[in-house]
Amino acid sequence: MTKSEIIELIEEEDVQFIRLQFTDIFGKLKNIAVTPGQIDRVFSNRCSFEGSAIFGERYNYDERLYLYPNLDTFTILPWRPQTGKVAKITCDVCLEGGEAFEYSSRNILKKVLKDAKEKGYTFMVDPECEFFLFHTDENGLPTTLTHEMASYMDVGPVDFGENARRDIVLMLEEMGFEVESSHHEHASAQHEIDFKEAEALEMADSIQTFRFAVRSVAKRFGLYATFMPKPRKDMAGSGMHTNIVMFKDGKNVFRGEKGELTKECAYFMGGILKHAKALAAFANPTVNSYKRLISGFDAPQNICWSSKGENALVKFISDMEDTKVELRFPDGSSNPYLMLASCIAAGLDGVENKIEPGEDITKVKDANNEEVTCTSENKLPGNLKDAIMELMADDVIINAMGKDFTNIFAKIKNNEWNDYMETVSEWELDRYLTRI
């Protein structure tokens with residue numbers, strides 16, 4: 001989309017506000033809003049903000065940063081008022097002179113993809129986005145309450161969120177998404193929406209827009225949408241299984257002539273498995289992430305791969321339509337730019353160094369010649385602190401993400417862990433207050 005096309009669309013559609021959106025290092029969507037009268041400033045990259053917004057409250061950064069709009073991401077938000085419409089543009093974060101800000105998560109993914117392209121590789125990605133739709137209280141604040149009892153792929157009227165999910169899909173399609181499917185998930189009030197694969201950077205942008213749309217539409221139904229990995233102990237958690245396909249010269253190098261596993265695919269999985277403990281810091285970046293991973297409900301924890309099972313960390317999928325690698329450990333709290341950047345870097349390390357992934361766990365037999373589940377002793381970290389320690393010991397991932405950025409990220413996440421450890425929970429009071 002060109003500047004003149006955007007200006008014409010703003011006038012024709014009566015757009016009154018444009019949200020200039022960017023993502024902080026935690027994956028939280030941020031923005032500044034301008035009116036159409038400021039569009040020349042937008043196009044000349046003169047809209048700026050305090051750089052501390054990138055890092056939250058745990059890191060002091062005093063420099064001003066500048067928003068460089070990606071014109072093709074201009075979209076009118078269909079759930080906003082139809083008189084005086086609101087649009088959004090996804091922006092790159094740059095320094096005053098136009099240089100890419102090295103601590104911007106979007107720029108980190110762009111760098112990893114640029115390095116991959118120089119080696120001849122491009123990537124297509126499609127995620128499986130799970131989320132909960134909970135009730136809000138009398139003040140409109142979120143709860144973890146639901147009255148529905150629906151389960152996997154149930155339909156209305158038992159699926160109370162069906163109408164909200166339908167409107168989310170329709171809004172997404174109005175914004176240009178190609179939604180392939182949507183359905184109720186295993187837990188009560190849990191849903192999944194899947195959309196068509198796209199180039200990795202475009203997909204990371206789309207995930208951010210998707211989350212924004214889901215929360216906004218849910219609010220219209222008096223519901224609160226959350227991508228929190230494990231909001232309730234008694235329910236399955238929400239993941240974001242991420243399917244990746246690697247191309248070279250326009251060919252899917254994961255797919256053999258008969259759909260079998262190629263060496264490139266095996267090595268890519270080998271890289272993911274080798275670096276999985278460090279990748280958890282970006283794919284599972286919150287204290288709550290690990291409560292999903294250790295609680296069962298088909299959430300993976302063992303570092304292994306399979307072609308059939310649901311409990312493996314990585315799954316090789318090959319059918320008539322496609323051949324891809326599914327990463328089953330990322331969750332919806334992850335920053336999609338950092339998650340994809342780190343996983344692609346790990347997979348490429350596997351390809352370059354011919355890292356074998358080990359045996360397909362579904363082909364391993366026990367003493368009775370029966371298939372066994374993935375019971376590897378090699379597991380993901382059990383908590384956020386251990387994941388950060390693994391990250392800081394992995395030079396490949398550090399180099400891909402940037403040493404300075406990794407140090408900042410680790411410092412902030414260690415502070416988050418310390419905050420958690422200092423908090424006295426209801427569980428502790430129930431368990432210890434009257435017993436000690």
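Me: Is phenylalanine 195 buried or exposed?

Reply: A caution before the answer: this is a predicted model. Burial is judged from relative accessible area, and buried means under 20%. Phenylalanine 195 has a relative accessible area of 2%, so it is buried.

Me: What does phenylalanine 210 count as, at 0% relative accessibility?

Reply: The cut-off is again 20%, so phenylalanine 210, at 0%, counts as buried.

Me: Why is the pair of phenylalanine 195 and phenylalanine 210 called tilted?

Reply: Two numbers matter for a ring pair: the distance between centres and the angle between planes. Planes under 30 degrees apart count as stacked, over 60 as edge-to-face, and the rest as tilted. Here the centres are 5.3 Å apart and the planes are at 50°, so the pair is tilted. As for location, phenylalanine 195 is in strand β9 and phenylalanine 210 in helix α5, 15 residues apart.

Me: Which residues do ring pairs link into a cluster?

Reply: The cluster consists of Phe131, Phe177, Phe195, Phe210 and Phe227. The ring of phenylalanine 227 also has the charged end of arginine 211 sitting over it, 5.9 Å from the ring centre.

Me: How many aromatic pairs are there by this rule?

Reply: The count is 19 aromatic pairs. One of them joins phenylalanine 123 and phenylalanine 268, with 6.1 Å centre to centre and 40° between the planes, and it is tilted. This pair links distant parts of the chain: phenylalanine 123 belongs to strand β7 and phenylalanine 268 to helix α6, 145 residues apart. Both phenylalanine 123 and phenylalanine 268 are buried.

Me: Now helix packing. At what angle do helix α3 and α5 pack?

Reply: Take the angle and the axis distance together. Helix α3 (residues 105–118) and α5 pack at about 160°, and their axes are 10 Å apart. Angles over 145 degrees count as roughly antiparallel, and α3 and α5 are therefore roughly antiparallel to each other. The crossing of α3 past α5 is right-handed.

Me: Which residues of α3 and α5 meet?

Reply: On the α3 side they are Arg106, Leu109, Lys110 and Leu113; on the α5 side, Ala200, Leu201, Ala204 and Asp205.

Me: Where is arginine 328 placed?

Reply: Arginine 328 lies in the loop between β16 and α9. With a relative accessible area of 4%, arginine 328 is buried. Leaving aside neighbours within four places in sequence, its contacts include Asp298, Glu310, His241 and Arg292.

Key. Residues are numbered from 1 along each chain as its sequence is written. This is a predicted model: local features need pLDDT of at least 70, side-chain atom pairs count only at pLDDT 80 or more; totals for chains, interfaces and linings use all residues. Side-chain values use heavy atoms; hydrogens and water are left out. Rings of Phe, Tyr and Trp (its six-membered ring) pair if their centres lie within 6.5 Å; planes under 30 degrees apart count as stacked, over 60 as edge-to-face and the rest as tilted. Helices (H or I, at least four residues) and strands (E, at least two) are DSSP runs, numbered from the N terminus. Buried means under 20% relative accessible area, exposed over 50%, partly exposed in between (1.4 Å probe, protein chains only). A charge sits over a ring if NZ of Lys or CZ of Arg is within 6 Å of the ring centre and within 35 degrees of the ring normal. Axes are lines fitted to C-alpha atoms, for helices over the stretch in contact, and angles run from 0 to 180 degrees between N-to-C directions. Angles under 35 degrees count as roughly parallel, over 145 as roughly antiparallel, 65 to 115 as roughly perpendicular and the rest as oblique. A crossing is left-handed if the near helix is turned anticlockwise from the far one by less than a right angle, and right-handed if clockwise. Contact means heavy atoms within 4.5 Å.
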